[in-house]
Amino acid sequence: MLQSLNDVAQLTPTLEAARTASLSLASASTELKNKALKMVAQSLRDHATQIVTANQADLAAGATNGLSAGLLDRLKLDAPRILALADSVDQIALLTDPVGQVVRGSSLPNGIKISQVRVPFGVIGVIYEARPNVTVDLAALALKSGNAVVLRGGSAAENSNRILIDLVQSAITDAGLNPDSVQTIDPFGRAGATELMKARGYVDVLIPRGSANLIQTVVRESQVPVIETGAGVVHVFLDETATKQWAIDIVHNSKTHRPSVCNALETLLVHRSAAERLLPDVLDKLTASGVTVHADARTRALYPSAVPATDDDWGTEYMSLDISVAIVDSLDEAMDHIRRYSTGHTESIITNDLQNAERFLNEVDSASVMVNTSTRFTDGGEFGFGAEVGISTQKLHARGPMGLPELTSTKWIVRGTGQVRA
């Protein structure tokens, strides 16, 4: 792996090639982009065995290097996950091409016609860790939205990313697109990531995906504009009118379906009037699935097997089979807790009180706010985007699951017939 400053200087031709590729990709037809995506999807299916073999090498190295269970789960690519990735690429090919869409337009009194249309960013940089699925998702979304993409996927997924990039580049070349439209700078290691953050003028926007530490490092140090995808300290609030079976099923699904992902439940809040009715059965199902309950004193009085929660637990994104639980006196106290500790990702209320549901939806300021459903639905695939760039927890440009439109900017088209300004 290249690490020296002289070696990293070799990064410039890679970025220049991405910039050149972005120019032709921006004007590529929807038909050509869809053809390339379909060929990528088929290549993933055809080479699933080779991908699994490469991924197993990464998993073995990760286990040896002490990667957490959550990161190992994110790193894993088995045959069903590869087929799901291929299906998501096919779905992206079926989605409407955002490039050229008219956002708004009008005719001025002097006859000039103006329109605001969607255009690609140009070159997108992505820094992520232990998530080889991101390699495919971002390549596919970038291609469909007319952007070249430069990927830094991290050493933990080195073998997986290498074969995935090779397959994508081969497929898009065969389709007639420039293979430099999708590139990796993994051979440059962390030094390459540092240079990518300084690549203003080559890279138009940088997207970090991974731990809170990775994201904040990129936000702090990048000279390139950043779209921040946030960590997920996700909450569910069981209101006093919550249906018990809904509470049991939604909490269990939100926590255990994929505990390592950012939309997994981390903190459960329960109205004191419903605690005795709901908590024992809700927590029994969680503990039966191996979840460790970190609870406040009032919860432990009802559920003595829980371990005491510390102040740090309320702000922790576990990404594991752990959950923090607190009893609150009111909806207002629940929302105060969420405002204090949430990362602004996803929050859900389980209730049969329409007024409380509407207050929660209107007053909780997160990217996704839900009523009577699992937090696991905050996902680009579930929202119909085919895949997602990430879950943006910032408020500028994009918020929530990011799909194709979020990978575009706009420009103004002005058509006149000789008018001059008075």
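**Loops, helices and confidence**

M319 sits in the loop that runs between β10 (307–308) and β11 (322–328). Residues are numbered from 1 along each chain as its sequence is written, and side-chain values use heavy atoms, with hydrogens and water left out.

The phi of M319 is near 55°, a positive value in a residue other than glycine. Most residues other than glycine have a negative phi. N372 also has a phi near 55°, again positive and again not in a glycine. N372 belongs to the loop between β13 (368–371) and β14 (391–392). Its relative accessible area is 25%, so N372 counts as partly exposed. The cut-offs are under 20% relative accessible area for buried and over 50% for exposed, with partly exposed in between, using a 1.4 Å probe and protein chains only.

Next, helix packing. Helix α3 (residues 30–46) and helix α6 (residues 79–94) have axes that come within 8 Å and cross at roughly 170°. The two helices are therefore roughly antiparallel. Among the residues making the contact are L37, V40 and L44 of α3 and L85, V89 and I92 of α6. Contact means heavy atoms within 4.5 Å. Axes are lines fitted to C-alpha atoms, for helices over the stretch in contact, and angles run from 0 to 180 degrees between N-to-C directions. Angles under 35 degrees count as roughly parallel, over 145 as roughly antiparallel, 65 to 115 as roughly perpendicular and the rest as oblique.

What does A140 touch, not counting residues up to four places away in sequence? A140 touches L37, V89 and I92. A140 itself lies in helix α7 (residues 132–144) and is buried, with a relative accessible area of 4%.

For the second pair, the axes of α14 (residues 331–341) and α15 (residues 354–363) come within 11 Å and cross at roughly 20°. That makes α14 roughly parallel to α15. The contact is made by L331, D332, M335, I338 and R339 of α14 and by N356, R359, F360 and E363 of α15.

Now a helix with two sides. In α10 (residues 212–221), the residues L214, I215, T217 and V218 are buried. Seen down the axis of α10, its buried residues fall within an arc of 160°, so they line one face of the helix. That arc is taken from the directions from the helix axis to the C-beta atoms. On the other side of α10, N213 and R220 are exposed. The cover over the buried residues of α10 includes β3 (123–128), α9 (189–197) and β6 (205–209).

S160 has its place in helix α8 (residues 158–175). At 0% relative accessibility, S160 counts as buried. Leaving aside neighbours within four places in sequence, S160 is in contact with A54, N55, D58 and P132.

Finally, confidence. pLDDT is the predictor's confidence in each residue, from 0 to 100. The chain averages 94, and 98% of the residues score at least 70. Over residues 1–6 pLDDT stays under 50, and the model has 15 contacts beyond four places in sequence for them. Where pLDDT is low, the predicted coordinates should not be read in detail.

Definitions and conventions:
Predicted model: local features only at pLDDT ≥ 70, side-chain atom pairs only at ≥ 80, totals over all residues. Helix = DSSP H or I, 4+ residues; strand = E, 2+ residues; numbered from the N terminus.
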